[in-house]
Amino acid sequence: MTERKYNNDYVQDILHIISSDHTIEEKRNLLDEYHDKDIAEAFELLPKEERKLFFDYFDIKRLSSIIGYIEDPEDYIQDFGYKKYAMLLNKMDLDDAVDILENLNENTKSRLLPYLHVKRREDIFLIKSFNPDQIGHEITTNFISIERGLTIRQAMKELVRQSSTHDNINTIYVTDHNQYYGTIDLKDLIVARENDDLEEIIATSYPHVYAHEMISDCIDEIREYEEDSIPVLNDDNEIIGVITSTDITDFIEDEQDEDYAKLAGMTEQSDLDETVKDGMKKRLPWLILLLFLGMIVSTVVGLFESVVAEIAIVVCFQSLILDMAGNVGTQSLAVTIRLLVDENISTKDKLKFILKELNIGLSNGMILGLLSFLFIGFYIMIAKNRPFMDAFILSGCVGVSLFVAMVFSSLVGVVIPMFFHKIKVDPAVASGPLITTINDLVAVVTYYGLAWLLLIQVFHVH
């Protein structure tokens, strides 16, 4: 096999190989050195006639894996023809085939389905029978299953037979009269002696989930096991598929994406297909709420109109304090929501987390408060030509206000989402606007209150 060239532009290397004068066999050997994803990217850059030759470069299993990485497969179905493309779907992992079919238009889909194997069509219809939020909608049939009662030799023979079509072999699933019984770790089967009892290496307490379970209800438990794959059972305790570690990673990313979307005032992740009307319906209610909450903050600012009238420069640093308070609150909210994903976290751990965030707020507040005191003091003295005392009294108001705002924001950013979580209100949706408003109120009152007290009442600065 040819030694792999190491450079950062594998796609260009692949395109160069395909356009070279090498024979088909030589090209096939060279392309074997590259990852399916890189080949898929190169495939999309090829002219139509070159794309048609892909069936000559790879066997059907490898090509099905490559096609699984292509973003818009419908654009290329004509290059292969419906019959050949159906062959790819037959060999592809079931979950990948379902994802592709779901993104095809009805006409294309109806022309492909007759060419699919009967078993593949049955599996696809089974997955489609589940709600997208249920575990059953995410299964793959890429797993190896053996019947209880075999000898070690028989089990090894069955493993070899099934591994020709299934590459998810690290965990072997054992059934007893078609019902899920347990699992065998591949390593344990390999090291077992021929005369050993197969029953001794079967783990009967291996985790499993049911197809009708909601992904959001069991994702935490699934993640904690950290297994390569987990069996998915129907109501009769029969294995209908598995979910892999890749699926689990996708679940977690989707959950995080949903939380971040909710932080933006949306009910779910927006996409390019979303209409203007749908986007407005998701965001406008939160914007209206924020409008009225902002009016409350503006009213409080209006109470300190006399301070602004006498010392107009104080307005220059208001946005600095409000922005820093908002940044700190958002950071605390984000890490708290990630913490609350774990439903099993104890009260003791929550208190420990609150203290940790409070200490972070204290430390960061002290550092940034001191820096703002020094830099803003010199800035006012030099750029605004103010006396030394006046400049540093005002910068002291900014520094102290920034310290108080950051400490309070750290605390509020943790406590409020925990409170909403306790009363069964989604903290990702409800916390953001409330935290922002409370932080703004505290920051404004602290800053203008100190300015009024120190600059006007005590030192009579004008």
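Modeller: A cavity is a set of grid points where a 1.4 Å probe fits but cannot get out. The model is a predicted one, and a search of the whole structure finds two cavities of 30 Å³ or more.

Colleague: What is the volume of the largest cavity, and which residues line the largest cavity?

Modeller: The volume of the largest cavity is about 40 Å³. Its lining consists of Ile311, Ile313, Ile380, Arg386, Asp390, Ala391, Leu394, Leu455 and Val461. Helix H20, residues 388-422, gives the most to this lining, with three residues.

Colleague: How is the lining of the largest cavity divided by class?

Modeller: There are seven nonpolar, no polar and two charged residues in the lining of the largest cavity. Arg and Asp count as charged, whereas Ala, Val, Leu and Ile count as nonpolar.

Colleague: What makes up the second largest cavity, and which helix gives the most to its lining?

Modeller: Asp95, Val98, Asp99, Ile127, His137, Glu138 and Ile139 line the second largest cavity, in which about 40 Å³ of space lies. Helix H9, residues 94-102, gives the most to that lining, with three residues. By class, the lining has three nonpolar, one polar and three charged residues.

Colleague: What is the volume of the second largest pocket, and which residues are the closest to its centre?

Modeller: About 660 Å³ of space lies in the second largest pocket. Of the 23 residues that line this pocket, the closest to its centre are Arg120, Asp123, Thr141, Thr165 and His166. The term pocket is used because a pocket is an open set of points, whereas from a cavity the probe cannot get out.

Colleague: Which helices supply at least two residues of the lining of the second largest pocket, and how do the residues divide by class?

Modeller: Helix H8 (82-91) and helix H11 (118-128) each supply at least two. The largest share, three residues, comes from H11. The lining divides into four nonpolar, twelve polar and seven charged residues.

Colleague: Why is Thr249 called partly exposed?

Modeller: The relative accessibility of Thr249 is 40%. Buried means under 20% and exposed over 50%, so Thr249, at 40%, counts as partly exposed. Thr249 lies in helix H15, residues 245-263.

Key:
Residues numbered from 1 in each chain as written. Predicted model: local features only at pLDDT ≥ 70, side-chain atom pairs only at ≥ 80, totals over all residues. Heavy atoms only, no water. 1 Å grid on protein atoms, 1.4 Å probe; cavity = no way out; pocket = protein on both sides within 12 Å on 5 of 7 lines; lining within 4 Å. Points joined across faces, edges and corners; volume = space filled by probe spheres on them. Helix = DSSP H or I, 4+ residues; strand = E, 2+ residues; numbered from the N terminus. Buried < 20%, exposed > 50% of the residue type's maximum accessible area, 1.4 Å probe, protein only.
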